[in-house]
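Student: Can we go through this one together? I have a few quick questions.

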Amino acid sequence: MSISRWEPAGSFITLRDAMDRLFEDSFVRAVRPSGERANTLPIDAYVTDQELVVMASLPGVDPANVSITIEGDMLTIKGEVKPPLENVNYVFQERRFGPFYRQLQINVPVQADKAEATFDKGVLTLTIPKAEEVKPRQIKVKAG
């Protein structure tokens, strides 16, 4: 039996973490990979009247090595960041490397077959149009 010190401040979440959770629960829900050791891919996601947009910074990643799938309401983005140089003595080594993985449950109907992914200056942007039934419609009033 051992005694460990309790840190009460460690159980508080930051305001940013709370806002991230609130946003993800509203439109997209993160799904944690079970049993797979991979870095979690940080993303930004927003919705407009017409589409859902997901952005991720992937500096140094070859776009051909990024896999994006939408199956049902599940969006999966995965790939790998090449490992750092070998046979050198690093003074600092802070950049992450290895496989990355992110899975999101999309809580809004989308047209997965019309999704588009672009890669510009190390930023992956995935644009997924909303399904027609959730897009706002304007109804014209006819004079009688």
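Student: How many bridges join β3 to β4, and which way do they run?

Tutor: There are 5 bridges between β3 and β4, and the two strands run antiparallel. Keep in mind that this is a predicted model.

Student: Which residue in β4 stands opposite Ile 43?

Tutor: Ala 56 takes that position in β4, opposite Ile 43.

Student: And β4 with β9, how many bridges there?

Tutor: β4 and β9 pair over 7 bridges, in the antiparallel sense. Within this part of the sheet, Val 54 faces Leu 126 of β9.

Student: In what order do the strands of that open sheet come?

Tutor: The order is β3-β4-β9-β8, which makes 4 strands with antiparallel pairing. β3 and β8 (116–120) are the edge strands; each has a single partner, so one side of each has no neighbour in the sheet. On average, neighbouring strands here are turned by 15° against each other, with direction ignored.

Student: What holds strands together in a sheet, in general?

Tutor: Strands pair through backbone hydrogen bonds, and the pairing is either parallel or antiparallel.

Student: Switching to the inside. Which residues touch the most other members of the largest nonpolar core?

Tutor: That core has 18 residues, and the ones touching the most other members are Leu 41, Val 54, Leu 58, Val 66, Leu 75, Ile 77 and Phe 100. The elements that contribute two or more residues to the core are β3 (43–47), β4 (51–57), β6 (74–81), β7 (98–106) and β9 (123–129). Val 54 is on that list of residues, and Val 54 is also the one opposite Leu 126.

Student: Is Arg 102 buried or exposed?

Tutor: Arg 102 has 9% relative accessibility, so this residue counts as buried; the cut-off for buried is under 20%. Arg 102 lies in strand β7.

Student: What does the side chain of Arg 102 reach?

Tutor: The backbone oxygen of Leu 41, at 2.6 Å. Leu 41 was named above among the core residues with the most contacts to other members.

Student: Where is Gln 111, then?

Tutor: Gln 111 sits in the loop between β7 and β8. Its relative accessibility is 13%, so Gln 111 counts as buried.

Student: Which backbone oxygen lies 2.9 Å from a polar atom of the Gln 111 side chain?

Tutor: That of Lys 130.

Student: Now the overall picture. How many helices and strands are there in the protein?

Tutor: The count is 1 helix and 9 strands. Along the sequence the pattern reads α-β-β-β-β-β-β-β-β-β.

Student: What share of the residues is buried?

Tutor: 24% of the 144 residues count as buried. The accessible surface is about 11,300 Å², and carbon and sulfur atoms hold 52% of that.

Student: And what part of the contacts comes from residues 24 or more positions apart?

Tutor: They make up 56% of the contacts with a separation of 6 or more.

Note on methods
Residues are numbered from 1 along each chain as its sequence is written. This is a predicted model: local features need pLDDT of at least 70, side-chain atom pairs count only at pLDDT 80 or more; totals for chains, interfaces and linings use all residues. Side-chain values use heavy atoms; hydrogens and water are left out. A nonpolar core is a set of buried Ala, Val, Leu, Ile, Met, Phe, Trp, Tyr and Cys residues joined through side-chain atoms within 4.5 Å. Buried means under 20% relative accessible area, exposed over 50%, partly exposed in between (1.4 Å probe, protein chains only). Two strands pair if DSSP finds at least two bridges between them. Axes are lines fitted to C-alpha atoms, for helices over the stretch in contact, and angles run from 0 to 180 degrees between N-to-C directions. A polar contact is a pair of N or O atoms within 3.5 Å; within protein, one must be able to donate a hydrogen and the other to accept it, and residues adjacent in sequence count only if both atoms are side-chain atoms. Contact means heavy atoms within 4.5 Å. Accessible areas come from the Shrake-Rupley method with a 1.4 Å probe; for residues, only the protein chains shown count as cover.
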